[in-house]
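I opened this entry to look up charged pairs and surface patches. My notes follow the display.

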Amino acid sequence: MFEQGQRPDAEAAIARFAAENAEPARTLVLPCTGFRPSDARFQNYYRTDPDRPFCRRYIDPKLDYIRTHFAAVALPAEPRA
């Protein structure tokens, strides 16, 4: 899952991103405690059927926001019609 050695790498990546954008980072690296995976029926929910009402109502607007405001760093993807 998560390894203790990943924290310095994550912090360095956040610091590098902040420096490249000349803005302070608004992200902290926190320890992963008490994590348990969601039920199998909820995993890959969006990928299995992105036309579900929940996906259209809640997930699509968030993905559109990320694509609009973070296009330089977000994975490229075709917006859905």
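I count a salt bridge where a side-chain nitrogen of Lys or Arg lies within 4 Å of a carboxyl oxygen of Asp or Glu. The model I am reading is predicted.

Entry one, the pairs. I searched the whole structure and noted five salt bridges. I looked up Arg56 and found a salt bridge with Asp51, with 3.8 Å between the closest N and O atoms. I put Arg56 down as partly exposed, because its relative accessibility is 38%.

Where do Asp64 and Arg67 lie? I found both in helix α3, residues 53-69, three residues apart, or about one turn of the helix. Asp64 is partly exposed at 35% relative accessibility, and Arg67 is partly exposed at 24%.

I noted a salt bridge between the side chains of Asp39 and Arg41, 3.7 Å from N to O. Is Arg41 buried or exposed? Arg41 is exposed, with a relative accessible area of 62%, while Asp39 is partly exposed at 42%.

I listed a nonpolar patch made of Phe17, Tyr65, Ile66, Phe70 and Val73. Together they have about 470 Å² of accessible area. I placed Phe17 in helix α1, residues 6-21. Phe17 is partly exposed, with a relative accessible area of 38%, so it passes the patch cut-off of over 30%.

Conventions
Residues are numbered from 1 along each chain as its sequence is written. This is a predicted model: local features need pLDDT of at least 70, side-chain atom pairs count only at pLDDT 80 or more; totals for chains, interfaces and linings use all residues. Side-chain values use heavy atoms; hydrogens and water are left out. Patches are made of residues with over 30% relative accessible area and no salt bridge: like charges are joined within 9 Å, nonpolar side chains (Val, Leu, Ile, Met, Phe, Trp, Tyr) within 5 Å. Accessible areas come from the Shrake-Rupley method with a 1.4 Å probe; for residues, only the protein chains shown count as cover. Helices (H or I, at least four residues) and strands (E, at least two) are DSSP runs, numbered from the N terminus. Buried means under 20% relative accessible area, exposed over 50%, partly exposed in between (1.4 Å probe, protein chains only).
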